[in-house]
Amino acid sequence: MSGTANLFESIAELPLLPHSRIDRAVGETLAKLCALANVRTIIEVGTYLGMGSTQVFCRALPPEGRLYCVDTFCVDMVRYQRPHDPHYHAFLSNMKQTGAAAKIVPVRMTSLEASRALAVTADLVFIDGDHGKAAVLADIAAWRPHVRPGGILCGDDYNVATCPEVTPAVQHALPEHQVEGRVWWVTV
Ligand SMILES: C[S@@+](CC[C@H](N)C(=O)[O-])C[C@H]1O[C@@H](n2cnc3c(N)ncnc32)[C@H](O)[C@@H]1O
């Protein structure tokens, strides 16, 4: 049993709240991209409570697959690194209760810290963290090298009115991108 499994075993379970269940069309598109990339290893940048894209990715992965969940696990970034943050506890509890824990590697860092710290090449990297233009550009530049040749770099919230900076960032950095609904992607 891995050390990560021991982490989940030791977590006190919280009520399983239905926060951030994913839009059905987005879930279907992400599942399709996972199949296209024949996923064994996925990096998710922006996990929140693990009840949205995280669940789609865990279902798509084979039993031995791994999902690296990169997030500060603190909605308020100012509180980053507080040792007993309830957001992180809720995430761990959710992973334990949904059966996803065996495939999950929590990476509690900022996106750019994690991009430097992780020596991982993934079949698919999903960007859904900071939605500002500079941050999306930085995430694309930082995470593209983590995608294996032929793998997929993708992200959420394209053409979404509440996230107006995502689309211009993707258009600038990846003019070859494709879009389905609000999911953008490129094959690397
Ligand atoms: C839109 S939510 C992710 C939703 C999730 N993918 C889902 O489907 O439920 C964005 C998440 O990104 C995280 N985040 C924002 N900026 C970040 C950064 N620079 N580094 C790491 N995580 C970040 C936030 O803590 C938040 O949990």
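Colleague: Before I look at anything, what should I know about the numbering and the model?

Modeller: Residues are numbered from 1 along each chain as its sequence is written. The model is predicted, so local features need pLDDT of at least 70 and side-chain atom pairs count only at pLDDT 80 or more, while totals for chains, interfaces and linings use all residues.

Colleague: Let's start with the ligand. Which residues come nearest to the ligand?

Modeller: A residue is near a molecule if its C-beta atom, placed from the backbone, lies within 6 Å of it. Here there are 16 residues around the ligand, and Gly46, Tyr48, Gly52, Ser53 and Asp130 come nearest.

Colleague: How many residues of that shell are nonpolar, polar and charged?

Modeller: Ala, Val, Leu, Ile, Met, Phe, Trp, Tyr, Cys and Pro count as nonpolar, Asp, Glu, Lys and Arg as charged, and the others, Gly among them, as polar. The shell around the ligand has 4 nonpolar, 9 polar and 3 charged residues.

Colleague: I keep seeing labels such as H2 and H3. At what angle do the axes of H2 and H3 cross?

Modeller: The labels are DSSP runs numbered from the N terminus: helices are H or I with at least four residues, strands are E with at least two. Axes are lines fitted to C-alpha atoms, for helices over the stretch in contact, and angles run from 0 to 180 degrees between N-to-C directions. The axes of H2 (residues 24-36) and H3 (residues 53-60) cross at roughly 35° and come within 10 Å.

Colleague: Is the crossing of H2 and H3 left-handed or right-handed?

Modeller: A crossing is left-handed if the near helix is turned anticlockwise from the far one by less than a right angle, and right-handed if clockwise. H2 passes H3 in a right-handed crossing.

Colleague: And which residues meet there?

Modeller: Contact means that the C-beta atoms of two residues, placed from the backbone, lie within 7 Å. On the H2 side you have Gly27, Leu30, Ala31 and Cys34, and they meet Ser53, Val56, Phe57 and Ala60 of H3. By class, this contact holds 6 nonpolar, 2 polar and no charged residues.

Colleague: Why do residues three or four places apart point the same way in a helix?

Modeller: An α-helix has 3.6 residues a turn, so residues three or four places apart point the same way.

Colleague: Which residues of H4 are buried?

Modeller: Buried means that 20 or more other C-beta atoms lie within 10 Å of a residue's own, exposed means 12 or fewer, and partly exposed is in between, with C-beta atoms placed from the backbone. In H4, the buried ones are Ala90, Phe91, Leu92, Ser93, Asn94, Met95 and Lys96.

Colleague: Which residue other than glycine has a positive phi near 50°?

Modeller: That is Phe73, in the loop between strand S2 (66-70) and H4. Phe73 counts as buried because it has 24 C-beta neighbours inside 10 Å. Asp157 also has a positive phi, near 75°, and sits in the loop between strand S5 (147-155) and helix H7 (166-173).

Colleague: Why does Lys103 count as buried?

Modeller: Lys103 has 23 C-beta neighbours inside 10 Å, so it counts as buried. You'll find Lys103 in the loop between H4 and strand S3 (104-107). Leaving out residues up to four places away in sequence, Lys103 touches Cys58, Leu61, Gly65, Arg66 and Leu67.

Colleague: Is Pro168 buried or exposed?

Modeller: Pro168, in helix H7, is exposed because 12 other C-beta atoms lie within 10 Å. Pro168 and Lys133 are 35 residues apart in sequence, yet 7.3 Å apart in space, C-alpha to C-alpha.
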